[in-house]
Amino acid sequence: MVNETRLLELAEAGVKKALEVGADQAEVFANAIRAVEVDLQKDDIHNAITREEATFGIRVFKGGAEGFATVNSAERIGEACGLAVEMARVSPPDPKNGLAEPAPVTALGELPDTEIAALDVGRLVDMASDLLSSVKARDARVRVDSGGVSTMLAHRAIATSTGIRLSDAGAWASGYLFGMAVDGSDIGCFDHDGQTVRRYADLQSELDAAGERFVAKTLGALGAQKGESFRGSVVLSPEVVSSFVLGDLLSVLNGRAVRTGRSPFSERLQEKVFSEAVTLFDDARLPGAAASEAFDREGTPTARLPVVEAGVLRTFLYDVYEARAAGRAPTGHAQGGASARPSIGASNLILSEGSIPYAKLCAEPERAVLVTRLSGSSNAITGEFSGVVKGGFFLRRGDRVPVREVMIAGNLYQALKQVSGVSAETRWLSGSRRVPAIRLDDISVTAG
């Protein structure tokens, strides 16, 4: 496997070559990975592989126009440089184009976990088998449709003609489960669970916890009944908060959305836009977190970034292009790898916890719906949403009854002004989002 030192040497050589063939500016971003993957399908181990690959992304600017090419062989970097320059020659110029300027980057001080890096196919097969067995031992009615356990050791490097020279490495281990529970003719909804860690010491406990949650979720969907129609409270599980609430917020709280007129918050910096219960920040330097990194896809140093504080909008996320367009400094939020141009995204996105225990959050309303999975559509520009609750529960003073495909609808941004509770407990999801459950009011609930 190509290590980070060698990757940086190749990236530097690629920058030199791109300039030789006509680029005004050049960037080479390189990834090299070693992955071990064991897949589960239909309650059995399906496949086990080890793969290694290196990818090089060459981005150039010529006359204000951008060109990009990617290759998976160091021997083809020169070829890709020429292709990127040719693409730039036929692309329209943009005065906002250009590379990041070098800035001091402080290393995270965390080396790849050697025990994760040492995990081989045999060890992962054992782990996957144990995970599957533990699920079946908890309840034979639970079926694992797919899942797996995997590890990845990754090196990355970036070099630019503006003087950026950076490299680092990381190691991760993951496990996930997807399936449902079946009890005779009673078939529950599909659900999933999993986790990603950077420390081997955390791996087994996280796999055990994911398996336990998965069993509880799938069994909880059995015996679903018809719900009730009303207008009132819904409790969003951490999974729904992550996929729905944070998903929509990220799509509008960034520089590109502001520039293109797709953010309803573009003129509302330093204003209170949500309830005081909402505090959202991104921390790419959080120790031990799976998505932590010292620099982003463009070589910009990362930092802890408050986005919303007690309901007040503090900033948007910027990469170099959008920062230049807005007359601001980049925030270190260019994401991606060597196979594509950088795009704006978050790292360790954290919605702060509240003060209400989760059980109380569910028990306080006279009636409410607990949303554990939501399938539907939303308009991130207006905030309007509607969707079908999959595997949800009708709550009456905390008593839970599984319900069949209840529909909920409302306006997310209005609802976030009326948050009536945030759980004191939080969960890491996929290792990159830490979120609580939240309770929203004045939501339309329609029984299926």
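Pockets and cavities

By class, 7 nonpolar, 1 polar and 1 charged residues make up the lining of the second largest cavity. This cavity belongs to a predicted model, and its volume is about 50 Å³. Its lining consists of R34, A35, V36, I116, A117, L119, T151, M152 and L153. The elements β1, α3 (114-117) and β4 each give two or more residues to that lining.

A search of the whole structure turns up 3 cavities of 30 Å³ or more. The largest cavity holds about 80 Å³ of space. V245, L246, L249, A277, V278, L280, L351, L416, V419, V422 and I438 form its lining. Of the elements, α6 supplies the largest share of this lining, 3 residues. The lining has 11 nonpolar residues, with no polar and no charged ones.

Two or more lining residues come from each of β1 (25-41), β2 (44-62), β4 (142-160), β5 (165-183) and β12 (334-335). Among the elements, β5 gives the most, with 6 residues. By class, the lining of the largest pocket has 21 nonpolar, 13 polar and 9 charged residues.

The second largest pocket contains about 420 Å³ of space. It is lined by 19 residues, and those nearest its centre are K217, E239, Y358, T372 and R400. At least two lining residues come from each of α5 (200-220), α6 (238-252) and β21 (421-429). The lining of the second largest pocket divides into 6 nonpolar, 6 polar and 7 charged residues.

Key:
Residues are numbered from 1 along each chain as its sequence is written. This is a predicted model: local features need pLDDT of at least 70, side-chain atom pairs count only at pLDDT 80 or more; totals for chains, interfaces and linings use all residues. Side-chain values use heavy atoms; hydrogens and water are left out. Helices (H or I, at least four residues) and strands (E, at least two) are DSSP runs, numbered from the N terminus. Ala, Val, Leu, Ile, Met, Phe, Trp, Tyr, Cys and Pro count as nonpolar, Asp, Glu, Lys and Arg as charged, and the others, Gly among them, as polar. On a 1 Å grid over the protein atoms alone, a cavity is a set of points where a 1.4 Å probe fits but cannot get out, and a pocket is an open set with protein on both sides within 12 Å along at least five of seven lines; lining residues have an atom within 4 Å of a point. Grid points are joined across faces, edges and corners, and a volume is the space filled by probe spheres set on the points.
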